[in-house]
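Please examine the sequence and the model shown below.

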Amino acid sequence: MTDTLSRTFAALADPTRRAILARLSAGEATVNELAEPLPMSLPAVSRHLKVLEQAGLITRGRTRQWRPCRLEAKPLEDVADWVAAYRRFWDDGFDRLEEHLRKLTGDA
């Protein structure tokens, strides 16, 4: 996968990685803090973090011995923009459904 959107979707496909991102939306966290509620080993959490980092969804800082993880919004904005392009399709479909329902109920 070479394009950013594909890497982002691949990273978001895993529920553990989505849980990590949800936690990071509340603020920075260390690997240990992120691993605490997850039912897996620390090395497994680190592998998930590596995928998120490669997708550009997180960055890892360095403060003395701590390496806090931070959520990066840009790839999520790109996903939102991509999805928004289909909003007109959905809106048009709902408008047609509404029109059809009005005809059925005699409100047209």
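Student: Of the 108 residues of the protein chain, what percentage count as buried?

Tutor: This is a predicted model, in which local features need pLDDT of at least 70 and side-chain atom pairs count only at pLDDT 80 or more, while totals for chains, interfaces and linings use all residues. Residues are numbered from 1 along each chain as its sequence is written, and side-chain values use heavy atoms, with hydrogens and water left out. Buried means under 20% relative accessible area, exposed over 50%, and partly exposed in between, with a 1.4 Å probe and protein chains only. By that criterion, the buried share of the 108 residues is 26%.

Student: In what order do the elements of the protein chain run from the N terminus?

Tutor: Helices (H or I, at least four residues) and strands (E, at least two) are DSSP runs, numbered from the N terminus. The protein chain holds 6 helices and 2 strands. Their order is α-α-α-α-β-β-α-α.

Student: What radius of gyration does the protein chain have?

Tutor: The C-alpha trace spans about 70 × 30 × 20 Å along its principal axes. The radius of gyration is taken over C-alpha atoms, and the globule rule is 2.2 Å times the number of residues to the power 0.38. For a compact globule of 108 residues the value would be near 13 Å, but for the protein chain it is 20 Å.

Student: Within what arc do the buried residues of α1 fall, seen down its axis?

Tutor: Helix α1 covers residues 4-12, and its buried residues are Thr 8, Ala 11 and Leu 12. The arc is that of the directions from the helix axis to the C-beta atoms. These buried residues line one face of the helix, because they fall within an arc of 95°.

Student: Which elements are included in what covers the buried residues of α1?

Tutor: Contact means heavy atoms within 4.5 Å. The cover of the buried residues of α1 includes α2 (15-24), α4 (42-54) and α5 (74-84).

Student: Is Leu 21 buried or exposed?

Tutor: Leu 21 is found in helix α2. Not counting residues up to four places away in sequence, Leu 21 touches Leu 12, Leu 52, Leu 57, Ile 58 and Leu 71. Its relative accessibility is 7%, so Leu 21 counts as buried.

Student: What relative accessible area does Arg 23 have?

Tutor: Arg 23 is also found in helix α2. Leaving aside neighbours within four places in sequence, Arg 23 is in contact with Glu 28, Ala 29, Glu 33 and Leu 34. Arg 23 is partly exposed, and its relative accessible area is 33%.
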